Amino acid sequence: MSQINRLAEGGLINRSKRLKFSFDGKEFEGFEGDTLASALIANGVSLFGRSFKYHRPRGVLTAGSEEPNALVELRSGNRLEPNTRATTIELFDGLAANSQNRWPSLDIDVLSINSLMAPLLTAGFYYKTFMWPASFWEKIYEPAIRRAAGLGKPPEGFDPDHYEKSFAHCDVLVIGAGPAGISAALAAGRAGAQVILCDEGPRLGGRLLSDKEYINDKPALDWVRDSTLELENLANIRILRRTTVFGIYDHGVYGAIERVSDHMAIPREFSPRQRSYRIITKRAILCSGAIERTMVFGDNDRPGIMLGSAVRTYVNQYAAIPGKRGVVVTSSNDGLSTVETLKKNGVQVDAIVDTRNGDMIQHALGGKRVQAVQIIDKNGKTREVECDLVSISNGWNPSLHLTCHLGSRPVWDENKNAFLPGKLPSGLAVAGAAQGRFSLQEALYDGIRTGNEAAELAGFDPKQFETPSAEPEIFDHRPIWRIKASKGKRFVDFQHDVTDLDIELANREGFKSVEHMKRYTTLGMATDQGKTANVAGLAILGEVSNRTISEVGTTIFRPPYTPVTLGALAGHHKHHEFRPTRLTPSHKWASERGAVFVETGLWMRAQYFPKYSGENWLDAMIREVKGTREAAGVCDVSTLGKIDIQGEDAAVFLDRIYTGTFSTLPIGRVRYGLMLREDGFVFDDGTTARLGEKHFLMTTTTAGAAKVMAHLEFCHQVLWPELNIAFTSVTEQWAQYSIAGPNARAVLETLIDPNIDISNDSFSYMACKSITICGNIPARLFRISFSGELAYEIGVPNRYGDALIRALMDVGKKYGLIPYGLEALTTMRIEKGHVAGGELNGQTTPRDLGLNKMVSQKKDCIGKHLSERPALLEKNRPILVGLKSISGKSNLSAGAHFLDIGSNPSLDNDLGHMTSTTYSPTLNCWIGLGLLKNGRERLGGTIRAVDFMRKTDVLVEICDPIFVDINGERLRG
Amino acid sequence: MRIPCPFCGERDLQEYSFLGEAGLKRPDPEASDAQKQFHDYVHIRKNTAGTTSELWLHTYGCRSWIVVQRNTLTHEIFSSEFASDTLKELTK
């Protein structure tokens with residue numbers, strides 16, 4: 001029979017909507033409005049899972065997000081989500097969940113034998129048991145422990161759903177929509193403030209949904225309904241349901257997760273599974289209520305033993321009866337309302353253990369379900385009472401977790417027997433039970449008061465209105481932390497299987513500080529952060545060390561309040577969308593030609609252009625280098641950073657940031673520039689062209705573009721704000737191609753407008769000018785060369801980039817023009833001895849790179865003084881040399897270290913390292929650049945290049961770093 | 001964290017990049033002990049636990065370098081102004 005424990009009427013469930021679901025493969029039925037836990041309870045299920053360490057049978061303890069026991073695997077395949085709390089999963093049609101941490105089945109779990117090994121598994125057992133031999137750890141202990149312990153298993157594949165990140169802004173953020181939260185939102189909303197009201201559940205009301213209370217002498221649910229309507233109709237109020245505010249950050253920033261689609265089988269089209277918010281607010285009000293405490297007695301973890309608030313929630317909100325015969329244990333008046341609820345709904349209450357009268361529960365009996373409890377009365381007489389449900393009410397812990405997130409510790413209150421919020425983060429107020437003001441009347445009052453205050457502090461005018469009235473409640477609570485005289489294990493932290501004896505042991509072994517005890521026993525370190533456990537643990541530590549709870553103190557809570565899916569924090573920033581991708585102006589054209597691309601920073605650059613399908617990178621590179629050096633090649637160099645610098649003091653500024661002098665550079669000329677960091681090491685390099693008296697165009701390396709821009713801005717705004725200059729990044733504005741090779745000029749001459757002369761005489765090496773091409777299209781031409789060939793860079797406004805590359809290839813056909821990629825570019829620059837990333841590694845000075853002639857001795861510049869520190873001038877500092885493989889055939893690898901032939905590989909014998917390598921089609925052998933001690937003196941010698949990572953050991957000849965055209969005849973030709 | 005930019009107003013931390021201590025004056029390159037002064041300028045920091053002056057770049061905003069007065073223990077921010085303005089004060 002289905003739903004045997006469902007009441008015939010009542011509850012906030014939609015009985016007209018039946019939902020089918022399965023648990024461990026067994027089919028069940030529930031109603032819309034159920035949680036997985038309430039639907040299973042309605043179907044008579046009480047066993048939900050096995051515990052972490054001892055594999056003890058566990059049921060449901062709570063009805064909320066604080067649940068330590070009822071963790072299940074939700075969904076299947078790549079949507080599988082482990083460790084999901086059955087108490088917060090909203091039921092949907094087709095829901096499939098499985099219990100976890102059991103084998104072969106929930107009912108018969110072989111590893112429950114761990115219970116018998118309990119003496120071995122006490123606090124600190126990892127530290128004590130698995131000390132030696134060390135080699136056993138990885139091979140034996142760790143895999144075995146991982147199999148046996150732990151919670152659910154994550155899916156293997158990628159999550160098919162998507163997640164969103166979002167910002168939200170408001171004047172007043174209200175966290176929690178119970179009586180206090182609803183009142184606060186109403187007050188702030190009526191005053192006109194922009195309000196965001198968040199609640200982790202799907203409906204507003206908080207405890208009013210599960211306790212039959214009265215407001216203004218009418219059922220409290222009427223007030224909830226009317227207030228919800230008003231809130232929904234106020235345009236300045238935004239209600240975020242299923243949204244947990246999980247953390248507080250500096251300056252009024254709150255982290256929240258909205259579970260947009262978790263209550264559905266799969267998300268609706270175009271809708272994310274979850275959305276993470278960064279909420280920025282002027283004021284916030286914490287109305288998160290309180291969490292009931294458990295009691296530490298023998299075998300207190302047996303399924304069927306539940307918190308009183310959970311019992312009332314299942315009965316009143318879900319019309320699901322968690323048992324037929326109940327025992328109610330209470331240390332406050334809360335238990336009495338549980339008794340009333342149970343009796344009204346036909347559950348027999350066989351015993352009421354009111355500890356305030358001196359009665360006490362000793363231990364529970366039963367295995368997979370509680371069958372009886374042993375009670376001892378004030379006269380010491382014991383009796384056994386049969387039951388299948390035990391309700392525990394032992395006071396409340398205010399949900400003050402968020403108040404701790406910026407470092408403040410809660411303070412113990414002797415009267416309330418609870419920790420209350422300590423110093424509050426700026427801008428935050430706390431209302432109702434979260435502040436230890438547990439009655440409904442206090443919640444309503446606090447809500448309105450804090451709502452009004454927050455609105456006023458945010459600059460609004462609060463409206464006066466009356467606080468609704470609630471029935472008086474008498475607060476009379478004397479907590480019972482543990483019942484020592486009992487049989488069986490007494491659990492404090494259910495999720496991590498921490499017992500009171502573990503805490504005693506920790507204390508005995510010297511872990512008396514609360515922080516040490518926590519880490520030694522792992523109390524409160526499970527996914528529930530000990531929401532139901534911590535305070536009892538502190539009380540027991542106090543008891544065994546003769547300290548009060550306030551002397552023991554407490555650990556603090558950290559974000560997140562409840563577990564957060566990492567995917568929701570990443571949003572769309574995953575896989576290829578982790579960061580933006582930048583495409584060059586010729587990208588479309590290059591893709592059409594079948595180019596192979598490589599990621600360089602954010603850019604996708606053509607690595608090589610295979611001539612036929614399957615041509616490998618080496619063959620393609622060799623062909624492209626030869627083609628360029630023999631005829632002509634074109635390469636997209638738009639990725640290089642371009643910074644436009646203008647102003648009266650532009651030249652002075654460049655003199656200060658470059659090692660060379662730019663104030664002497666004539667208009668229409670380009671100069672190579674080297675930039676240092678203030679500590680003297682090379683920062684970046686590139687060419688700068690003078691386009692006018694007060695106008696320069698700087699190029700940077702592709703990787704350095706952003707940091708050079710920030711550096712220039714720093715130098716101007718922070719160091720020399722008196723200089724009259726301005727600069728703009730124009731990297732994206734110009735498409736730029738390098739055309740290199742003996743036929744480069746001939747190719748260009750067919751494209752440029754007829755009146756323009758680019759002959760060697762009128763446009764020599766390192767010249768630049770603004771020209772027009774293809775009939776009045778503006779362009780900039782620079783005669784600069786990275787390859788060492790006769791070469792030009794031509795820049796056109798970005799929108800002409802695609803057309804230009806096509807035009808170039810078209811007219812270039814008869815001159816043998818081919819496209820070349822990054823591989824060929826790199827090979828040609830190494831052949832030419834130009835330094836790049838491998839050499840500009842942040843540890844090299846101009847002198848190390850053989851560029852000391854680039855440092856003007858007539859002026860200061862950034863980094864000049866410190867580049868001349870004594871240690872950087874030492875004779876044996878590694879300096880730039882060229883290296884040639886003696887055999888020619890052996891691969892050289894960047895990163896290989898240099899050693900003298902016959903010397904041992906040791907730090908003392910290390911002579912430097914290889915920074916860049918390539919196969920040189922021009923020299924027909926492997927070559928490289930490297931930094932070698934006393935490099936100049938060793939020219940012509942032979943050393944070993946040893947790479948233990950790639951297992952190579954190659955003899956190399958030391959040579960000049962310029963391998964090709966040492967006198968530069970080609971590039972000047 | 002929220003940082004006020006004197007040009008753009010209050011903006012989220014992720015729009016900014018942090019550099020370090022503000023108020024350091026680049027030494028006179030002509031000084032006789034210039035190398036020592038540059039060493040201190042580059043490497044020696046107060047590393048205050050408490051209220052500090054820091055340089056931030058509004059990278060994804062107006063690209064102003066700003067000086068922020070901030071308490072490193074509480075993260076409280078007291079003021080922010082253009083670095084170029086504070087320097088003009090410094091050299092007055």
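A residue counts as buried when its relative accessible area is under 20%. In this predicted model, A:Asp301 has a relative accessibility of 3%, so A:Asp301 is buried. A:Arg56 is buried as well, with a relative accessible area of 7%.

The side chains of A:Arg56 and A:Asp301 form a salt bridge, with N and O 2.6 Å apart. A:Arg56 is in the loop between β3 (49-50) and β4 (57-58) of chain A, while A:Asp301 is in the loop between β16 (290-292) and β17 (305-307), so this pair ties together parts that are 245 residues apart in sequence. Both residues belong to a network of salt bridges that also links A:Arg58, A:Asp299 and A:Asp497.

## Other salt bridges

Over all chains, the structure holds 69 salt bridges. One of them joins the side chains of A:Glu29 and A:Lys20, at 3.3 Å from N to O. A:Glu29 is buried at 16% relative accessibility, whereas A:Lys20 is partly exposed at 48%.

Another salt bridge is formed by A:Asp222 and A:Arg225, at 3.7 Å from N to O. These two residues lie in helix α5 (residues 220-233) of chain A, three residues apart, which is about one turn of the helix. A:Asp222 is partly exposed, with a relative accessibility of 24%.

## Aromatic rings

The chains together hold 19 aromatic pairs. In the pair A:Phe653 and A:Trp720, the ring centres are 6.3 Å apart and the planes stand at 80°, so the pair is edge-to-face. A:Phe653 lies in helix α16 (residues 650-657) of chain A and A:Trp720 in the loop between α17 (705-719) and β38 (726-729), 67 residues apart. Both A:Phe653 and A:Trp720 are buried.

A:Tyr54, A:Phe491 and A:Phe494 make up one aromatic cluster. Some rings have a charged group over them: the charged end of A:Arg190 is 4.2 Å from the ring centre of A:Phe465, and A:Lys531 lies over the face of A:Tyr561 at 4.5 Å from the ring centre.

## The interface between chains A and B

The contact involves 28 residues of chain A and 27 residues of chain B. Between them the two chains bury about 2300 Å², of which 57% is on carbon and sulfur atoms.

There are 16 residue pairs in polar contact between the chains, and four salt bridges cross the interface. B:Asp12 forms a salt bridge with A:Arg278, with the closest N and O atoms 2.5 Å apart. On the side of chain B that touches chain A, the elements giving two or more residues are β2 (9-12), α1 (34-43), β4 (51-57) and α2 (83-91) of chain B. The largest share of that side, seven residues, comes from α1(B).

Methods: Residues numbered from 1 in each chain as written. Chains lettered and ligands numbered in written order. Predicted model: local features only at pLDDT ≥ 70, side-chain atom pairs only at ≥ 80, totals over all residues. Heavy atoms only, no water. Phe/Tyr/Trp six-rings, centres within 6.5 Å; stacked < 30°, edge-to-face > 60°. Helix = DSSP H or I, 4+ residues; strand = E, 2+ residues; numbered from the N terminus. Buried < 20%, exposed > 50% of the residue type's maximum accessible area, 1.4 Å probe, protein only. Lys NZ or Arg CZ within 6 Å of the ring centre and 35° of its normal. Contact = heavy atoms within 4.5 Å. Buried area = accessible area lost by both parts, 1.4 Å probe. Polar contact = N/O pair within 3.5 Å; in protein donor to acceptor, adjacent residues only side chain to side chain.
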